Structure formats: structure tokens, C-alpha cells
Amino acid sequence: MSMKILLGSGGVGTDERKAMYQSLMSENFSDCDKVAFVPYASDDHDGYTERMSGFSGLEGDFVGIHEYEDPVSALGEVDGIYVGGGNTWLLVRELHERGLVGPIREAVMSRGIPYAGVSAGANVACPTMQTTNDMPITMVPSYETLGLVPFQINPHYYPGGIWFREEEDGGFLKHFGETRSRRVSEFHRIRDEPVIGLFEGSYLRQNGDFFELLGNKAALMRKGEETVTVSPGTLLSGDLTTA
Ligand code: ASP
């Protein structure tokens, strides 16, 4: 079954990035009359769905999955699934508690329903939520997520350390918190999946057996190996080796 998957880092704050997001979204859902939006990474499901209905620029029906009494049954009525960003812990809790993990996986992997996920929505396309940046504001029944792709994503990735300014016109100060690749190397003490750090404004689009990097750079982090940075246009296989 060929799958249509679009996974974005987020950070779509410029006009140019917004235009790219909208064009990739409309291409991903081009054959869809009705897309189910999954707003559970936010706690304002109605407001978030309404905002994203406009922001996504999609033309067909755009319906919040929370509007259904039985959200699993909604999956039988729609022909696209879009999972929005926000807090990954909230999102994962709701996906498990509403019994949606298996049914979304089945819809995408067995029925070929196009999937898009941005930020938290990209995190949950991976085998586990354990490479999120979010604070654990709630308990989750399990860290297991949809497993639509065999690798892990760290969204909003940036390389190196952090420098910040306390005042707009002040000097830069160094922040001594861990870098992302340090955090990912901690993940690799426990699990083996390769991790792709998506810089803001970047996407992975599934193309047959490969994933095409679009928009911005990405960092490939494999257990025990040096981080490798790749440019937009790179084709990656499921184990995150370059094709
Ligand atoms: N909070 C992020 C988002 O925008 C997810 C993350 O950084 O892990 O959805």
C-alpha cells in the first residue's frame, strides 16, 4: 500500500514559509474531499480547529475529529488526517484514551489515507513520543505513538548552543542548557531508532520508499555516530541513510 505522508517541523512564521506550508498541504490532500483535523495537542479543540481550517488553506471539508461522539467512527468518513501541533503529551494522552492509535495507523498504512502532521503531529507519526521537546504536563497511558515512519523526529531543531538577549538592544548571553544533539544522545542510551532533527520550516514528504527533505535543513542523529546535517532536496530511506 503506498502511503502519502507529510511531516513538518513547524515554525511557519514568515510569509514565504506559510506559502510553502499551504502548497505542500494542498498537494498532500489534493484527492481528499474531507480532512479530519486532530486538535488534541491544544486544550481549545473548537478554537484550534477553526483557526487551522483557515490557516491550512485547504479547500475541501475540514472537520475537527473531536466533534464526533465516537472519533474512531469519523475515520471511516474522511479521506485525509491532519494532526496539529501543540503539547505532545496532551495529544498522546487523547490519542490513547480515545482509542485512536490503532485506527489512525490502520487508516494510513492499510487504507492509504493521506496523513499530515506538524510538530507534535510529526512527533506522533514516529514509533515513540520520546523525542518531543515538550514538558510532561500530563500522564500518558503509553509513550507508543503511530509508528507511520520507522525513525524519530525532533521538531524545531537547532544546532549548537543557545545565545539570548535579555533586552532587545542588549548583548548576547550564553545559556548553558543542553544542546538538542546532547538530548538526542541521551535518548540513544535507551533506544536505537535514528532521529532526524528538523530545522524550522522543513518537511519530510514520503515519496515511495523514500522521504524527501524540503524547505530547510535537517540533522541526522544515529546512535553512537556524529550528527550529519543535510540540505533540502536530500532523499532519505526509512533508516535515515541518504539515498
Ligand atoms: N511543542 C511542539 C509543537 O509545536 C512539539 C515539540 O517541540 O516537540 O507541536
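Two residues count as being in contact if their C-beta atoms, placed from the backbone, lie within 7 Å. The model I am showing is predicted.

First, helix α1. The helix takes in residues 15-28, which makes 14 residues. At 1.5 Å a residue it should span 20 Å, and the C-alpha atoms at its ends are 20 Å apart, so the expectation and the model agree. Which residues of α1 are buried? They are Tyr 21, Met 25 and Asn 28. Looking down the axis of α1, the buried residues fall within an arc of 65°, so they line one face of the helix. On the face turned away from that buried side there are five exposed residues to look at: Asp 15, Glu 16, Ala 19, Ser 23 and Glu 27. As for the cover, what lies over the buried residues of α1 includes strands β1, residues 5-8, and β5, residues 115-118.

Next, helix α5, residues 101-109. Its buried residues are Ile 104, Ala 107 and Val 108. Viewed down the axis of α5, these fall within an arc of 90°, so they too line one face of their helix. Gly 102 and Glu 106, on the other side of α5, are exposed. The cover over the buried residues of α5 includes β4, residues 80-83, and β5.

In soluble globular proteins, nonpolar side chains tend to be buried together. Here the largest nonpolar core has 62 residues. Which of them touch the most other members? Val 35, Ala 36, Ile 81, Val 124 and Ala 125 do. Take Ile 81 and leave aside its neighbours within four places in sequence: the contacts of Ile 81 are then Ala 36, Val 38, Ile 104, Ala 107, Val 108, Ile 113 and Tyr 115. Three of those names, Ile 104, Ala 107 and Val 108, are the buried residues of α5.

Now the ligand. There are 13 residues around the ligand, and those that come nearest are Gly 85, Ser 119, Ala 120, Thr 132 and Asn 133. Helix α6, residues 120-123, supplies at least two residues of the shell, and so does strand β6, residues 152-157. By type, the shell around the ligand divides into 3 nonpolar, 9 polar and 1 charged.

Most residues other than glycine have a negative phi. Ser 119 is not a glycine, yet its phi is positive, about 60°. Where is Ser 119? In the loop between β5 and α6. Ser 119 has 28 other C-beta atoms within 10 Å, and the threshold for buried is 20 or more, so Ser 119 is buried.

Leu 240 is another residue with a positive phi that is not a glycine; the value is near 65°. Leu 240 is in the segment after β14, which covers residues 235-237. With 22 other C-beta atoms within 10 Å, Leu 240 is buried.

Ser 2 sits in the segment before β1. Ser 2 has 8 other C-beta atoms within 10 Å, and is therefore exposed. Ser 2 and Ser 110 are 108 residues apart in sequence, while their C-alpha atoms are 8.8 Å apart in space.

Arg 182 belongs to helix α7, residues 180-190. Is Arg 182 buried or exposed? Exposed, because 10 other C-beta atoms lie within 10 Å. Its C-alpha atom is separated by 9.6 Å from that of Gly 160, 22 residues away along the chain.

Asp 46 lies in helix α2, residues 45-55. Asp 46 has 12 C-beta neighbours inside 10 Å, so it counts as exposed. From Asp 46 to Gly 64 there are 18 residues in sequence, and 7.4 Å in space, C-alpha to C-alpha.

Pro 159 is in the loop between β6 and β7, the latter being residues 162-164. Pro 159 has 13 C-beta neighbours inside 10 Å and therefore counts as partly exposed. Its C-alpha atom is 17 Å from that of Gly 8, which is 151 residues apart from Pro 159 along the chain.

Technical notes: Residues numbered from 1 in each chain as written. Predicted model: local features only at pLDDT ≥ 70, side-chain atom pairs only at ≥ 80, totals over all residues. Helix = DSSP H or I, 4+ residues; strand = E, 2+ residues; numbered from the N terminus. Expected span 1.5 Å × (residues − 1). Arc of directions from axis to C-beta. Near = placed C-beta within 6 Å. Nonpolar A, V, L, I, M, F, W, Y, C, P; charged D, E, K, R; others polar. Core = buried A, V, L, I, M, F, W, Y, C linked by C-beta atoms within 7 Å.
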